[in-house]
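The following exercises concern a single protein chain. Please work through each task before reading its solution.

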Amino acid sequence: MKKRAALLVAALLLAVPAGSGLASTVTLTPSGGGVFLLEGQAFQDVSGLDIALSYDPGVLRGPHIDQGSLINGALMMSNTENPGIIRIAAVRQGPVQGSGTIARITFDAAAGQGGGGAISGLNVSAVSSAGNKSRLSTFIGGSSQEREASSQDQGTSSQTAPST
């Protein structure tokens, strides 16, 4: 009986798709000259993204958003009209799998400022092809302060950005 149970457990584990246990994360990293790369890691079945980023408008201004290769083919819209806040939404007909650049964000640095530390918050929610929404873990500037992920788009974070 124990051998049969062990075989059943092994068969169930092998039936789980590779990578399904990976937690998707999003990292915002400065790359110099007022440019920041928004990168996704370990995406599985992501068909939509809702991104809110907050920054210090006294240090950074004039954000411009370019779509990255990870979400190639997605319909992407960005709203940069409110100084200090960037909203990005992206949706694809087929799901995104893997890792890569979501967007490249380019700022004009304010006079005499380099832009370091001017990003104060990042919130990212993903929508699966089945319509399930979940909040993703985020990192800003390569810091080790991970934001707690929530499976149902609930919870709080020390990194705050506007939410709707």
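**Exercise 1.** Which strands each supply at least two residues of the lining of the largest cavity?

*Solution.* The model is predicted. Step one is to count: one cavity of 30 Å³ or more is found, and the volume of the largest cavity is about 40 Å³. Step two is to list the lining, which consists of Val46, Ser47, Gly48, Leu49, Ile71, Ala74, Ala90, Val91, Arg92 and Val96. Step three is to assign these residues to strands: strand 2 (35-55) and strand 5 (85-109) each contribute at least two. By residue class, the lining holds seven nonpolar, two polar and one charged.

**Exercise 2.** Is Ala103 buried or exposed? Determine also which residues it touches.

*Solution.* Ala103 belongs to strand 5. Its relative accessible area is 1%, and because buried means under 20%, Ala103 is buried. Leaving aside residues up to four places away in sequence, Ala103 touches Phe36, Leu37, Leu38, Ile65, Asp66, Gln67 and Gly68. Ala103 and Glu39 lie 64 residues apart in sequence, with a C-alpha to C-alpha separation of 7.1 Å.

**Exercise 3.** Where in the chain is confidence lowest, and where is it highest?

*Solution.* The chain has an average pLDDT of 78, with 68% of the residues scoring at least 70. Confidence is lowest in helix 1 (residues 2-15), with a mean of 39, and highest in strand 4 (residues 75-79), at 98. Where pLDDT is low, predicted coordinates should not be read in detail.

Terms used
Residues numbered from 1 in each chain as written. Predicted model: local features only at pLDDT ≥ 70, side-chain atom pairs only at ≥ 80, totals over all residues. Heavy atoms only, no water. 1 Å grid on protein atoms, 1.4 Å probe; cavity = no way out; pocket = protein on both sides within 12 Å on 5 of 7 lines; lining within 4 Å. Points joined across faces, edges and corners; volume = space filled by probe spheres on them. Helix = DSSP H or I, 4+ residues; strand = E, 2+ residues; numbered from the N terminus. Nonpolar A, V, L, I, M, F, W, Y, C, P; charged D, E, K, R; others polar. Buried < 20%, exposed > 50% of the residue type's maximum accessible area, 1.4 Å probe, protein only. Contact = heavy atoms within 4.5 Å. pLDDT = per-residue confidence, 0-100.
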